[in-house]
Amino acid sequence: MNRYLPFILISLLCFSFSSRGQQKFTLSGSIAESSSNETLIGVTVAIPELSTGVTTNEYGFYSITLPEGTYTILISYLGFEDILQKITLTENRRIDYSLKEEAEQLEEVVVTENVEKMDIRKPQMSINTLSVGTIKKIPVILGEADVIKSILLLPGVTNAGEGASGFNVRGGAADQNLILLDEAIIFNSSHLFGFFSVFNPDAIKDVKLYKGGIPARYGGRLSSVLDIFQKEGNSKEYKMNGGIGAVASRILIEGPIKKDKAAFLIGGRASYAHLFLPLFDIDNTAYFYDLNTKLNYRINERNNIFLSGYFGRDVFGISDNFVNTYGNTVGNFRWNHLFSDKIFSNLSLIYSDYYYGLKLDFVGFNWNSGIRNFNVKYDLKHYATDKLQINYGINNIYYQFNPGKIEPSNPESGIIEEQLIRKYANEFAAYVDLEHRITDNLSLGYGLRFSHFMRLGQDELNVYADNNPVYFNPLLLIYEGADPIEVINPGRGETLSTFTNLEPRFSLSYTLNEASSIKASYTRLAQYLHLLSNTSSPTPLDVWTPSGPFTEPQLLDQYALGYFKNINEGDYSFETEAFYKDIQNRIDYINGANLIANNAIEQVILNGEARAYGLEFLLRKNEGKFQGWLAYTLSKSEQRTPGRIVTADNGQSNLESGINFGNWYNTPYDKTHDVSLFVNYDVNEKWSVSSNFTYQTGQPTNYPIGQFGFLDLTVPYYGLRNSQRLPTYNRLDLSATLTPREKVNKKIKGEWVFSLYNIYNRRNAASISFKQNNDTGVNEAVRTSIFGIVPAVTYNFKL
């Protein structure tokens, strides 16, 4: 703790100096959309005379403290009309603003320069924000607007290919992403094994992806935070919107419970392609459905409460013999309270559950597993001065892990009911995070997160010789699971392991001129949960497990340096960042590891290390009829598990071979080159056209490097891990949106979206397998592809 004392003293000293000076007053309030009272996140409140300002928080609140005087207040937000107002500040004032949808901007030239100047000064880097409007314009498979597929077009973000669930950020694994929906943790973000995401775009209000420089209020994952907020509901009038697509439809209804005081939102989606399968004599099913809900009530100017929820399920079945059901359930109660014009607080009570079930009638049993957590968060934001903002809070999560339970599906099956050992854990965190403008050119962000993780007692726990559950066989040069020497029953009241980490965060921005700046950041993160998966992308069957007696928490140190520039008064922007990530205790698996229904998972796990580094470029066109971006990432992602030093009974030390002989090898999500292009062109009032192009280095894999004969069998053998690659991946998509002219007195507004996925019908390889040709007897490679060209039509409507 002593090494952080100078850091804390400097923070207090800076705060002391910044608090002195002439008499100051606070301007605060909330900013919402005029047509619905929906609060807006990230609205800029600028004071051009002082070249300062602030942005609204996740609940639309702003606060800024200024010297006594008369000022011009500029309120600006993308897609909405600016507000320019003159105010005299001689006392603390609360002013709530309502923004109208985009109209002609006034005095744009006068104020644009100051707004951009403030944006590039912010110390926050490695963050990407996508509007719902942009997400809906991006062409995707089967015409369904998709949050996860959209962020794959950003620099540093990839996945394992078509039909793959999850995503990878800066060479990290999919389980290293913290995915939040209204602050609740989402453990599986995919529908239909990765073809769609669980997020209904009509219900979404804001999407932010943090890739680095992650604020101290976030923790528990190493690679990224995808923070998604749902809409609150229209408290002025009843509205309905939705869409009818080729394989799924959606609807969303919102309106006031008490006008300007309370509102509700309810949205649903469902797929129905499986309904047509019986027409082709196919007795299978594959569908999903989900439900989004939200209630909000404004008690008074200082208190608001929210109740939100999500429920989603996927069902995949082969006749009635095999049925797979999985999905997320989350609920969140939140209370916003203003202690003063400068201190905003939020209390959240959150429930999150992920369930996975299998019905296997052909073998006579059912299987279910999952993870459940209960989360209490209390966050405060202190707008100390116009130059200093302080965030601080606490967070406690209690976890229940169900690795799996087998139940007989009928009395005649002969299957004996068995429950794999349930696991329990508790994760506590406290944090403080500051954003501090030191001078006109220099801004800092710095914070500290304290995390404490307890692996709680369970019914049974294996004990091993030398506390080592994995044994290295020196004769065969392979790792094997060790036999336990004892099984103990610690009970729920005991603590098996505790881990404590200090996680400092630091970022800075130095303005070179009014249009450009350089930024740097350092982030340390700890991750106490691990996803047990040996596939290239997550599957619903993967099981989460906590750190404990045999599994250390993962630790990350990430460094980033970037250059940011606004071009032509913000019409264009350019960003480039270099990053380096070092990860300790990244789990790896011994060869032939069995991860399913394994009650002693510690016998197939080894702790290793990982690293990733790269360079990202992003060029954006932000204004005009033609908009879009070009992203390029050059990166490397590797891991290794070196051999352990083992001391024999005679006192002699031996070095094990390690995984892959202890050498670095490509992670399954290493992509050397990644190019993404997205463009949108508004042809006229009726037509707009969008297109995106993706090019990626093929993902690492293993091919046989030889074979040998054994009796009548031909047995292939493989070389070092992930030393080969699939062919390069590339794809071009196109969509066109037709918005018919509105008719007088017609309440329904509609648009048609026509899309073509994979225009040139490239058969990208999902995998390559090898088999012997029955006619020639020669081994040959067989490419498996998922999609060729896919046309789709979607009708969207508003009422």
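In the predicted model, the side chains of Asp 175 and Arg 586 form a salt bridge with an N to O distance of 3.5 Å, a salt bridge being a side-chain nitrogen of Lys or Arg within 4 Å of a carboxyl oxygen of Asp or Glu. This pair links distant parts of the chain, 411 residues apart: Asp 175 lies in the loop between β11 (168-169) and β12 (177-181), and Arg 586 in strand β39. Both residues are buried (under 20% relative accessible area, with exposed meaning over 50% and partly exposed in between, for a 1.4 Å probe and protein chains only). Because the model is predicted, local features need pLDDT of at least 70 and side-chain atom pairs count only at pLDDT 80 or more, whereas totals for chains, interfaces and linings use all residues. Residues are numbered from 1 along each chain as its sequence is written, and side-chain values use heavy atoms, with hydrogens and water left out.

The structure holds 38 salt bridges in total. Among them, Lys 377 and Asp 379 meet at 2.6 Å, N to O, and both of these residues are buried. Arg 505 and Glu 503 meet at 2.9 Å, N to O, and are likewise buried. Salt bridges with shared partners also join Arg 94, Asp 96, Arg 298 and Glu 301 into one network.

Strand β39 (572-589) also contributes to the second largest pocket, where it supplies at least two lining residues, as do β32 (478-481) and β47 (700-701). Its share of four residues is the largest. A pocket is defined on a 1 Å grid over the protein atoms alone as an open set of points where a 1.4 Å probe fits, with protein on both sides within 12 Å along at least five of seven lines; lining residues have an atom within 4 Å of a point. The lining comprises 47 residues, of which Asp 588, Tyr 589, Asn 591, Tyr 665 and Arg 721 lie nearest the centre. By class, 23 are nonpolar, 20 polar and four charged. Leu 477, in the loop between β31 (470-473) and β32, has a positive phi of about 55° although it is not a glycine. Leu 477 is exposed, with a relative accessible area of 54%.

Four strands form an open antiparallel sheet in the order β3-β2-β5-β6. At its edges, β3 (52-55) and β6 (83-89) each have a single partner strand, so one side of each is left without a neighbour in the sheet. Strand β2 (residues 44-47) pairs with β3 over four bridges (pairing requires at least two DSSP bridges), and Ile 47 has Thr 52 as its bridge partner in β3.

Conventions:
Nonpolar A, V, L, I, M, F, W, Y, C, P; charged D, E, K, R; others polar.
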